[in-house]
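Hi,

Here is the structure I promised to pass on. Have a look at it first, and then read my notes below.

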Amino acid sequence: MSMRTGSNSKQRLAAELCAVTRMLEDMGILQYSGHIAVRVPGENALMIQRRSDSRAELEPERILTVDFDGHVIEGDGKPPSETAIHIETMRMRPDVNASLHSHLDLAIAFTMMDNVQLVPMRARASRWASGIPTHPDPSHIKYSEQGRALAETLGPHHVALMRAHGLLLVAESLPALISDAVHFEENAKAQLQVMNAGAKVKALTAAEIEQILKMEDRPHHVMKMWNYYVRKGLAAGTVEKDWDLLEG
Ligand SMILES: [Zn+2]
């Protein structure tokens, strides 16, 4: 979210990347693996963590820049083995500036149920009104062809589940990505609660979604969520003060 002059600088993006990764790890949406990438504005390149760095302790100066051929063009170290997920998604989707690959338990659970489709239940899940596809390849995404196949499953949508493996969530910015990740998990929990209650799942209807979207102010909501989590992170020590990440 470029609300401040220069907020798209690589330094700023590296700090946002570290903050979002650490905060999502703290929430359990990322764990010992999984990663986030952010597009370098105007270049066929993205920024991503080193493969073996702890998601709980990322440092901006250790972030790598990787081109869309998978070569490290800035920084020293190896990117995650599944970097192709982010490269092929950003190559195919110019609107995507930030992407999350996580092995979120709840996302995986919904790929292992017969005849159950994860659907938008809660108001904020109207973000996924166009659909929540499931990618059939359960293996590690190591090659460009696999990344392309996943990006094709994602299509025009904002999330794809990965069978028995995890999810790919995409957004226009890192602050939007953390907001969406939180709401995605809330929605999956809500559906599971309904199913655990033995009740019939009542997804949002098309008319309800239309009404929700009419009232929606996404930039405001993203900024509110961003400041909430950054402040929380500052208090807990997951976000560092000198990253200067508060907005508005
Ligand atoms: Zn994975």
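Ser 102 has Leu 167 of strand β8 as its bridge partner. Keep in mind that this is a predicted model. Strand β8 covers residues 166-171, and five bridges join it to β5, with the two strands running antiparallel. On β5 you'll also find Leu 100, which stands opposite Ile 36. That brings in strand β1 (residues 35-39), which pairs with β5 in the antiparallel sense over four bridges.

So much for the pairing; now for β5 itself. Are its residues buried or exposed? Five of the five residues in β5 (98-102) are buried. Ala 98, Leu 100 and Ser 102 point one way, while Ser 99 and His 101 point the other way.

Leu 174 sits in helix α5, which spans residues 174-196. It counts as buried because 28 other C-beta atoms lie within 10 Å, and the cut-off is 20 or more. Trp 226 is 52 residues along the chain from Leu 174, yet their C-alpha atoms are 9.2 Å apart.

Last stop, the largest nonpolar core. It has 63 residues, and Leu 17, Met 47, Leu 168 and Leu 177 touch the most other members. Helix α1 (residues 10-27) gives the largest share, nine residues. Beyond its neighbours within four places in sequence, Met 47 has contacts that include Leu 13, Leu 17, Val 38 and Ile 63.

Cheers

Definitions and conventions
Residues are numbered from 1 along each chain as its sequence is written. This is a predicted model: local features need pLDDT of at least 70, side-chain atom pairs count only at pLDDT 80 or more; totals for chains, interfaces and linings use all residues. A residue is buried if 20 or more other C-beta atoms lie within 10 Å of its own, exposed if 12 or fewer, and partly exposed in between; C-beta atoms are placed from the backbone. A nonpolar core is a set of buried Ala, Val, Leu, Ile, Met, Phe, Trp, Tyr and Cys residues joined through C-beta atoms within 7 Å. Two residues are in contact if their C-beta atoms, placed from the backbone, lie within 7 Å. Two strands pair if DSSP finds at least two bridges between them.
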